[in-house]
Amino acid sequence: MSLDKEKWVVEATISDMQRAMDEGLITSFELVQLYLVRIGRHDGRLRSIIEVNPDALAIGRKLDQERREKGARGPLHGIPIILKDNIDTGDRMHTSAGSLALAESFAKGDAFITARLREAGAVLLGKANMTEWANFMSPTMWAGYSARNGLTLNPYGPGELFVGGSSSGSAAAVAANLAAAAIGTETSGSIISPSSQNSLVGIKPTIGLVSRSGIIPITNTQDTAGPMARTVADAAILLGAIVGRDERDDATKIDPRQHRPDYTDALVIDGARHARIGIPRYYYKHLDSDRIDIVESAIRVLRELGAEIVDPVHLPCQGTHWDANVLRYEFKKYVNDYLATLGPEQPVHSLADVIAFNETHAETALKYGQDTLIWANETSGTLTETVYLKSLRKNKEMAGTNGIDHALKEHKLDALLFLGNEYGADLAARASYPSITVPGGYAQRGIIAPGGYITKGPQGITFVGTAFSEPQLIKLAYAFEQATRHRVPPVL
């Protein structure tokens with residue numbers, strides 16, 4: 001058997017790649033080559049990759065030799081993966097969060113999850129563009145824009161469709177088949193949003209499942225990294241590779257049974273049978289007819305798959321006014337902690353330094369201003385303010401205890417169903433709970449959202465659960481995905 005490799009790699013899954021390498025039909029070196037060719041051919045317009053790893057081909061060749069001599073380490077051996085540009089890599093790639101202030105910053109070592117991926121045998125193909133400072137720089141900044149790399153575009157409609165933020169580059173790259181899969185990060189919606197808008201599967205894990213050490217932060221309370229992939233199976237494989245206890249991140253010091261090394265046992269074709277899924281109608285009331293149709297279609301499919309649909313369910317937190325105080329107050333503290341670790345050759349070592357650097361280089365660094373950075377820098381950085389402590393408590397109580405958990409317990413539910421990043425992702429983020437989005441369809445008509453973007457295009461169906469319910473959410477997403485097969489690759 002032979003492969004037309006250039007055609008075959010489009011939409012190839014991690015398992016497809018692994019099988020082909022085991023059978024000698026392709027090598028990791030060739031996979032890296034194929035993706036580099038695609039990046040060169042297509043990414044000039046999409047701007048999803050901020051830089052490629054100059055050592056990727058050499059790493060692929062070395063892993064091929066290891067496969068021949070010792071066999072594969074596991075399902076990620078030789079698989080090219082993209083990392084968001086706020087994740088440290090102790091190599092020849094920069095870690096900048098898309099900013100000019102950190103454009104020449106090389107991390108002293110790997111982030112915990114980077115090291116895990118290397119141990120699993122993944123090839124770190126490059127860094128993905130992102131909304132600068134994870135969209136915590138300016139309220140007017142376009143999703144997917146960074147001063148270092150410009151604006152990432154959605155491959156399903158470059159310049160027309162919303163790309164999602166802030167893991168925009170991770171999403172666009174995987175959607176366009178420029179890498180096998182990617183790691184994004186989320187504080188509130190930054191994995192779920194771009195995954196939904198680019199017809200991908202995205203998993204935002206429970207806080208504590210995945211380490212944040214070595215990742216440029218916004219908040220210790222809500223930040224997490226997670227997989228972004230073209231299939232649920234690929235996302236499950238990637239999630240298993242990055243979970244684990246890290247002595248540098250206290251949130252990960254949980255019951256070790258929660259750190260499952262393998263989530264692929266949740267890939268059950270009848271995973272929706274007898275599951276109880278709640279429909280929070282309150283959060284659908286702003287949706288237009290195209291999006292309501294996508295949600296209603298998903299509900300019908302889940303019923304046909306044997307799920308018990310509880311419609312509607314009420315969340316006591318409905319109508320709650322939410323604020324961004326947790327993000328505002330924690331950002332200064334945790335970004336200062338990160339910047340303080342940089343070497344003396346770097347121009348910034350605090351948030352105040354970043355603001356000053358941007359002002360000095362305003363023509364190139366401040367296309368959208370930096371009002372959010374200034375707003376965050378007005379706090380003490382000590383996390384002692386009463387307004388912060390009240391907001392922290394409110395988020396946990398209203399989004400968790402009196403929100404998601406109340407609905408799950410009241411109706412004996414396994415999950416709640418939302419559309420894409422519409423409210424559910426934010427509730428899960430505030431409660432520190434997991435969510436997973438899976439391709440749910442395509443909206444033909446578009447509406448102009450408050451941010452000025454057009455919301456037609458790919459739309460995800462998002463399942464939200466309580467803490468450490470990832471296996472249940474993966475079961476639901478996999479059953480739905482296998483029954484619908486909504487994802488189709490973009491025409492580039």
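Me: Which residues in α3 meet which residues in α4?

Reply: Good place to start! This is a predicted model, in which local features need pLDDT of at least 70, side-chain atom pairs count only at pLDDT 80 or more, and totals for chains, interfaces and linings use all residues. Residues are numbered from 1 along each chain as its sequence is written, and side-chain values use heavy atoms, with hydrogens and water left out. Contact means heavy atoms within 4.5 Å. By that test, S28, F29, V32, Q33 and L36 in α3 meet A56, L57, G60, R61 and D64 in α4. Sorted by class, this contact has 5 nonpolar, 3 polar and 2 charged residues. Here Ala, Val, Leu, Ile, Met, Phe, Trp, Tyr, Cys and Pro count as nonpolar, Asp, Glu, Lys and Arg as charged, and the others, Gly among them, as polar.

Me: How do I read the way two helices pack, and at what angle do the axes of α3 and α4 cross?

Reply: Two packed helices are described by the angle between their axes and the distance between the axes. The axes are lines fitted to C-alpha atoms, for helices over the stretch in contact, and the angles run from 0 to 180 degrees between N-to-C directions. For helix α3 (residues 28-46) and helix α4 (residues 56-70), the axes come within 7 Å and cross at roughly 155°. Angles under 35 degrees count as roughly parallel, over 145 as roughly antiparallel, 65 to 115 as roughly perpendicular and the rest as oblique. So α3 and α4 are roughly antiparallel to each other.

Me: At what angle do α8 and α16 cross?

Reply: The axes of helix α8 (residues 232-242) and helix α16 (residues 470-484) cross at roughly 160° and come within 9 Å. That makes α8 roughly antiparallel to α16. In this pair, V232, A236 and L239 of α8 meet E470, I474, A477, Y478 and E481 of α16. The residues of this contact divide into 6 nonpolar, no polar and 2 charged.

Me: How many helices and strands does the protein chain have?

Reply: The chain has 16 helices and 13 strands. Helices (H or I, at least four residues) and strands (E, at least two) are DSSP runs, numbered from the N terminus. The radius of gyration, taken over C-alpha atoms, is 21 Å, close to the 23 Å that the globule rule (2.2 Å times the number of residues to the power 0.38) gives for 492 residues, so the chain is as compact as a globular protein of that length. Its C-alpha trace spans about 60 × 55 × 45 Å along the principal axes.

Me: What share of the residues is buried?

Reply: Buried means under 20% relative accessible area, exposed over 50%, and partly exposed in between (1.4 Å probe, protein chains only). Buried residues make up 62% of the 492 residues in the chain. For a local case, look at helix α15 (residues 424-431): 7 of its 8 residues are buried, so the helix is largely enclosed by the rest of the structure. Those buried residues are G424, A425, L427, A428, A429, R430 and A431. Next comes S432, whose phi is positive, near 70°.

Me: Is S435 buried or exposed?

Reply: S435 is buried, with a relative accessible area of 1%. You can find S435 in strand β12 (residues 435-443). Beyond its neighbours within four places in sequence, S435 is in contact with residues including I192, G202, A428 and L473.

Me: And R248, buried or exposed?

Reply: R248 is exposed, at 55% relative accessible area. R248 sits in the loop between α8 and β9 (276-278). Leaving aside neighbours within four places in sequence, R248 is in contact with D110, A111, F112 and S213. P261 lies in the loop between α8 and β9 as well, and P261 is exposed at 71% relative accessible area. The C-alpha atoms of P261 and A241 are 20 residues apart along the chain and separated by 6.9 Å.

Me: What is phi of A97 near?

Reply: Phi of A97 is near 55°, a positive value in a residue other than glycine. A97 lies in the loop between β2 (80-84) and α5 (112-119), and counts as buried at 1% relative accessibility.
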